[in-house]
Amino acid sequence: MMFTNFGPKYNLNTNFLLTSDKKIRWYTFVNSVNKYIKALHDKGIRKNDFVAIDLENSVEYIYSVFALWYIEATPVLLNVRLMDKEKIELMEFTNCKFLISIKKITNEINHISPNELELKKIKYRNKKLDLSRTAIIIFTSGSTGKPKGVMLTFSNLIANNKSSDELLKYSRLNSWIASLPFFHIGGFSIITRSYLSNLKLIISDSLSTNDLQKAFEKYKPSFASFVSTQLINFNVKNFEPKKFKKLLLGGGFIRNNLITKGNKLGWNIFKVYGASETTAFVTALDTIKYKHKLSSAGKPLKNFTVDIVKETNKNEGEIIIKGHSVFKGYFNNEEETRKKLKKDFYYTGDFGYKDDDGFIYVLARRMDLIISGGENINPFEIEEVLSRNKNIAEAYVIGIEDEKWGQVPAAVVKFKDKKYSLDELNDYLKEYLPSFKLLKKMKEVSDFPKTSLHKIKREELKKLF
């Protein structure tokens, strides 16, 4: 099995997937996907079904995705760190009939465990894909607190890979390490880049710093994608800069001194900017070549247009993006799609400016969204939970800069009679939120800075820290 219009020319006897204990040739990869097609079809999955995947990075994840594509079902990628009730809400919203996961979390949706699949050897014919079809649905947080299902087509995936290939100059001897989770666009695009450009894909036992370092030392990848937190924690023994080509660094606020330090160690950092809606990064900055532009997100990649919708009498404004990898829309959300897609441009909600040399600068990323260690945290979701507590009169959550995580969630709270410490407040939040959304800092106030329309001045709150 393989696709006639989606994929590379490959040698069946060369390696494609590399794990801690095995090297998987293209021959084995194709046979394994064939077995998954048969097994998933036997479970009842059919064309046009929506199928949720709730797995850690693994070869099983990749087999499942390619098998679903052959069946013409749509993979819905779930964040494994979400609480079960959050996953169920997303599956119900996208009308998922099946869930591929190790753990069963609901009786309402058919559960399929990769460990329990009956894998029979079978060969399928090559197939031509409809490239305009939705290849995946991936979730991104919206300003309302409700995640939005970003629909990306096969054409989007191909276009993004073409742009990254033109920037990074891939060779068949190159390899990518899967350094980000597959349920994030940054991680999933590592799969498609490796597949479409016939590169080796390295999968570590987990995304812990220790396991990533082990995989890095064993296989010495050519490329990696990190968020700031990972680079801060990474300490590879026997690192060979000459064999390593590029590190893509993105996912939110990045300190200039981290880039400078990283380059001195040999990382050769490209700072990147993009979104789920653009199928990963659309601008890149060679931080060695343009040391004087480190605060910039770089210039648009080939085949992308990045403009600024300027506000009156100002140089900065909303960043808008046009290109073949811009998404087709949000699942079952025409109103939000109309707001964000206008005349082929994606309106990012990020504000910035373009300098005289054409470099893009991002001033405010996704309005008030907190990006901590690469994870998107919506402050309004945490505020909503805090508002249910009878001892809290008023509370607001903001992101404050942090050396390790880029940003961390912090709360400014006005209590009633009973007061809570930070630990006590997090004990309450633990009942409703996953651990990565818990507060890292807290300040108590008797009043809040507000506008004449009683809107909170969030920038004023940040000054308290």
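Colleague: Quick one to start: is Lys-148 buried or exposed?
Modeller: Lys-148 is buried, at a relative accessible area of 9%. Buried means under 20% relative accessible area, exposed means over 50%, and partly exposed is in between, using a 1.4 Å probe and protein chains only.

Colleague: What sort of model is this?
Modeller: This is a predicted model, in which local features need pLDDT of at least 70 and side-chain atom pairs count only at pLDDT 80 or more, while totals for chains, interfaces and linings use all residues. Residues are numbered from 1 along each chain as its sequence is written, and side-chain values use heavy atoms, with hydrogens and water left out.

Colleague: Back to Lys-148. Which strand is that residue in?
Modeller: Strand 8, residues 147-153. Strands here are DSSP runs of E with at least two residues, helices are runs of H or I with at least four, and both are numbered from the N terminus.

Colleague: Which side chain does the Lys-148 side chain make a polar contact with?
Modeller: The side chain of Tyr-330, at 3.5 Å. A polar contact is a pair of N or O atoms within 3.5 Å; within protein, one must be able to donate a hydrogen and the other to accept it, and residues adjacent in sequence count only if both atoms are side-chain atoms.

Colleague: Change of topic, helix 5. How many residues does helix 5 have?
Modeller: Helix 5 covers residues 185-196, so to speak 12 residues. From first C-alpha to last, helix 5 reaches 16 Å, close to the expected 16 Å. The expected span is 1.5 Å times one less than the number of residues.

Colleague: How many of the residues of helix 5 are buried?
Modeller: 11 of the 12, which leaves helix 5 mostly covered. Among the buried ones are Phe-188, Ile-191, Thr-192, Arg-193 and Tyr-195.

Colleague: What follows helix 5?
Modeller: Asn-198, with a positive phi near 60°.

Colleague: At what angle does helix 2 pack against helix 5?
Modeller: Two packed helices are described by the angle between their axes and the distance between the axes. For helix 2 (residues 59-71) and helix 5, the angle is about 70° and the axes are 12 Å apart. Axes are lines fitted to C-alpha atoms, for helices over the stretch in contact, and angles run from 0 to 180 degrees between N-to-C directions.

Colleague: Why is helix 2 called largely enclosed?
Modeller: Because 12 of its 13 residues are buried. Helix 2 reaches 18 Å between its end C-alpha atoms, close to the 18 Å expected. Glu-72 follows helix 2 and has a positive phi, near 75°.

Colleague: Where is Arg-46?
Modeller: In the loop between helix 1 (26-42) and strand 3 (50-54). Arg-46 counts as partly exposed, at 38% relative accessibility. Its side chain reaches the backbone oxygen of His-41 at 2.7 Å. Leaving out residues up to four places away in sequence, Arg-46 touches His-41, Ile-71 and Ala-73.

Colleague: Last one, Asn-332: buried or exposed?
Modeller: Exposed, with a relative accessible area of 60%. Asn-332 sits in the loop between strand 18 (329-330) and helix 9 (334-340). The phi of Asn-332 is near 50°, a positive value in a residue other than glycine.

Definitions and conventions: Contact = heavy atoms within 4.5 Å.
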